[in-house]
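Student: I would like to learn how to read a structure like this one, feature by feature. Could we begin with pairs of charged side chains and then go on to helices?

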Amino acid sequence: GLERLAALDVGTRHAAADELAVLCGAADEPLLLELFSDPDGLVREIALRGLHKVAGAQASGALVHLLNDPEPNVRAAVLKQMAESPSARIVTAVSEYVGREPDADLVVHAIRVLRSARNKAAAECLSGLLTHVNWQVRAEAAEALGEILVVGDDLTAKNRRDTYKSL
């Protein structure tokens, strides 16, 4: 398997990474982390799936690191993975990420992570996005804030008033 992961043929490397992601166990976590340094974005994305399978929520550190990946498809895959199991650490990292991400589509993916977190920190970040230059980002942020206002657990009365005022 290692020889196939190091092959010059792109198709062979992709197939080997797919196979590893399907068959991997906890002992393969270091190899999956190493695959994140592969120059091929698809290999990094496949490694992400495998890491999430073996490490679950414990993979949040690697996921946060991958938000800096130069490949937009990898960042999108990371954000989709984060939306499935958001944590306080991820909300903080995503809040920082939206401030530096120039691609509006990726900011929308980040909003979906914040929406799934449904907490005060997510609401604060989303309120800041209501003035974003892109209309789709503003619309997604407003929709997510509306949902958080309905189901958010840790919002105080003041937080709710401030959020309504922002909207």
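Tutor: Let us begin with one pair, keeping in mind that this is a predicted model. Arg 75 forms a salt bridge with Glu 101, and their closest N and O atoms are 3.0 Å apart. Arg 75 belongs to helix H6 while Glu 101 sits in the loop between H7 and helix H8 (104-117), so this pair ties together parts that are 26 residues apart in sequence.

Student: What is the general idea behind such a pair?

Tutor: Side chains of opposite charge can pair when their charged atoms come close. In this case the cut-off is a side-chain nitrogen of Lys or Arg within 4 Å of a carboxyl oxygen of Asp or Glu.

Student: Are Arg 75 and Glu 101 buried or exposed?

Tutor: Here the cut-off for buried is under 20% relative accessible area. Arg 75 has a relative accessibility of 10% and therefore counts as buried, and Glu 101, at 8%, counts as buried too.

Student: How many salt bridges does a search of the whole structure find?

Tutor: The search finds ten salt bridges. One of them joins the side chains of Glu 19 and Arg 4, at 2.9 Å from N to O. This pair links distant parts of the chain, with Glu 19 in helix H2 (residues 10-23) and Arg 4 in helix H1 (residues 2-5), 15 residues apart. Glu 19 is partly exposed, with a relative accessible area of 39%, and Arg 4 is partly exposed as well, with a relative accessibility of 31%.

Student: With which residue does Arg 44 form a salt bridge?

Tutor: The partner of Arg 44 is Asp 69, and the closest N and O atoms of the two are 2.5 Å apart. This pair, too, links distant parts of the chain: Arg 44 is in helix H4 (residues 41-55), whereas Asp 69 is in the loop between helix H5 (60-66) and helix H6 (72-84), 25 residues apart. Arg 44 is buried, at 6% relative accessibility, and Asp 69 is buried with a relative accessible area of 7%.

Student: Which residues is Arg 44 in contact with, leaving aside its neighbours within four places in sequence?

Tutor: Besides Asp 69, Arg 44 is in contact with Leu 35, Phe 36, Asp 38, Pro 39, Glu 71 and Val 74.

Student: Now to helices. How should I read which way the residues of a helix point?

Tutor: An α-helix has 3.6 residues a turn, so residues three or four places apart point the same way. For the case in this structure, take helix H7 (residues 88-100), whose 13 residues should span 18 Å at 1.5 Å a residue, and whose end C-alpha atoms are 19 Å apart, which agrees.

Student: Which residues in H7 are buried?

Tutor: The buried residues in H7 are Ile 90, Val 91, Ala 93, Val 94, Tyr 97 and Val 98. Seen down the axis of H7, these buried residues fall within an arc of 165 degrees, so they line one face of the helix. On the other side of H7, Ala 88, Glu 96 and Gly 99 are exposed.

Student: How many of the 14 residues of H8 are buried?

Tutor: H8 is mostly covered, since eleven of its 14 residues are buried. Among them are Leu 106, Val 107, His 109, Ile 111 and Leu 114. The buried residues of H8 pack against H6, H7, helix H9 (120-128) and H10. As for length, the 14 residues of H8 should span 20 Å at 1.5 Å a residue, and the end C-alpha atoms of H8 are 20 Å apart, which agrees.

Student: How does one describe two helices that pack together?

Tutor: Two packed helices are described by the angle between their axes and the distance between the axes. In this structure H8 and helix H10 (residues 135-151) pack at an angle of about 5 degrees, with their axes 9 Å apart. That makes H8 roughly parallel to H10.

Student: Which residues meet where H8 and H10 pack?

Tutor: The residues of H8 that take part include Ala 104, Val 108, Ile 111 and Arg 115, and those of H10 include Val 137, Ala 141, Ala 144 and Ile 148. Ala 104 itself counts as buried, at 16% relative accessibility, and Ala 104 touches Asn 134 and Val 137, not counting residues up to four places away in sequence.

How values were computed. Residues are numbered from 1 along each chain as its sequence is written. This is a predicted model: local features need pLDDT of at least 70, side-chain atom pairs count only at pLDDT 80 or more; totals for chains, interfaces and linings use all residues. Side-chain values use heavy atoms; hydrogens and water are left out. Helices (H or I, at least four residues) and strands (E, at least two) are DSSP runs, numbered from the N terminus. The expected span of a helix is 1.5 Å times one less than its number of residues. Buried means under 20% relative accessible area, exposed over 50%, partly exposed in between (1.4 Å probe, protein chains only). The arc is that of the directions from the helix axis to the C-beta atoms. Contact means heavy atoms within 4.5 Å. Axes are lines fitted to C-alpha atoms, for helices over the stretch in contact, and angles run from 0 to 180 degrees between N-to-C directions. Angles under 35 degrees count as roughly parallel, over 145 as roughly antiparallel, 65 to 115 as roughly perpendicular and the rest as oblique.
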